[in-house]
Amino acid sequence: MNLLDLTPTTAEQRVGELVKSGGFEKYRARQVFNWLWTNPIPAWDQATNLPRSLVTALDNHAPIARPFLAKRQDSSDGTIKFLWEFDAGAVESVFIPEGKRATLCISSQVGCAFGCVFCSTGTMGFGRNLAPWEITAQVRELHMLGIKPTNIVFMGMGEPLHNWSAVDTALTQLNAPGGFGIGARHITLSTVGLLPQLAEFAKRKEQFRLAISLHASNSATRQTLMPVERKYPLPELKKLLREFSRRTTLEYVMVSNVNDSDQDAEELSQFANDISAHVNLLPLHPGAGSGLKGSRHEKIDEFAKLLAGRGTPVSVRRSRGKDIDAACGQLAIKE
Ligand code: SF4
């Protein structure tokens, strides 16, 4: 049994059963449960408050699953990239400190099936889905290193909604009080817009944030950047987002002479205003995507002004970790 693959509520029940069947005192269940996510430990023999016989029972019936830290890269700007190796495949996470906020960008799949042309992970093709424990192990392992992210974004390798059932459980582990207890408003799921699964995500009651990888404001341009546009075109996406009653952010990578014209700004502004969304303008990360050139900084600022002038809330993001392979997929490909 892998307790870390379950929701905290189910894990607590299983721990209770295990403790009972072994003839241990009832209060031991809470002690065991606390070592899963609240005070994570690498192995049961580190559980200082448990009797030896219970440690052995846990080792036999519910060993703690862990990835191997294959590589760590520290950037001069504080960004840290981790490469985690699982039994089959490796994924990345990126830790991005910024003032009081410490964001961890996590992966949900090995590789990705969606082939967005500006994305390194897209060039890898699809490997496999991560299990819930493999998604949240990226947070658990950092806690054990003394690094506690305040915010989580599903913007690493993979399309989280393409692995919805595992991501669904992982969201609960991240948010639940018996899990990592990270507030829902501090957890953002970023997607290219898989409509059926997006509708499922919208049913969750917690106020998780949603980010849409938009990157174009009309279907023709979006098709050249993101093959998913053929299956789930922008007008249908917009219709669904209109019904989504939570704050949505539109992610927009600025690509020179592809999506950075005044006309693009006008269309993007219209799209965002129609669904009351915030726009994040992102520079194209060096090394991500082939044959594409990022828009100049001045161009990005002009574009932002055009959006703001039309009443669209907009932020311009900086590229972080330029001296390490911090763009999604770069390190995994290199390794
Ligand atoms: S941007 Fe996201 S969905 Fe697109 S290829 Fe990269 S990981 Fe996949």
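Biologist: What radius of gyration does the protein chain have, next to that of a compact globule with 335 residues?

Modeller: Keep in mind that this is a predicted model. A compact globule with 335 residues would come out near 20 Å, and the value for the protein chain agrees with that. So the radius of gyration here is 21 Å.

Biologist: And what percentage of the residues count as buried?

Modeller: To count as buried, a residue needs 20 or more other C-beta atoms within 10 Å of its own. Going through the 335 residues of the protein chain that way, you get 44%.

Biologist: Which strands stand at the edges of the open sheet?

Modeller: The sheet has 10 strands with mixed pairing, and the order runs E1-E2-E3-E4-E7-E8-E9-E10-E11-E12. A strand at the edge has a single partner, so one of its sides is left without a neighbour in the sheet.

Biologist: Do E3 and E4 pair in the parallel or antiparallel sense?

Modeller: Strands of a sheet pair through backbone hydrogen bonds, and either sense can occur. Here residues 90-98 form E3 and residues 101-105 form E4, with 5 bridges between them. The sense of the E3 and E4 pair is antiparallel.

Biologist: Which strands does helix H11 touch as it packs on the sheet?

Modeller: Helix H11 covers residues 297-309, and its direction makes about 170° with that of E12. Besides E12, the helix touches the strands at 248-254 and 278-283. By name, the strands touched by H11 are E10, E11 and E12.

Key: Residues numbered from 1 in each chain as written. Predicted model: local features only at pLDDT ≥ 70, side-chain atom pairs only at ≥ 80, totals over all residues. Pairing = 2+ DSSP bridges. Helix = DSSP H or I, 4+ residues; strand = E, 2+ residues; numbered from the N terminus. Contact = placed C-beta atoms within 7 Å. Axes fitted to C-alpha atoms, helices over the stretch in contact; angles between N-to-C directions. Rg over C-alpha atoms; globule rule 2.2 N^0.38 Å. Buried ≥ 20, exposed ≤ 12 C-beta atoms within 10 Å, placed from the backbone.
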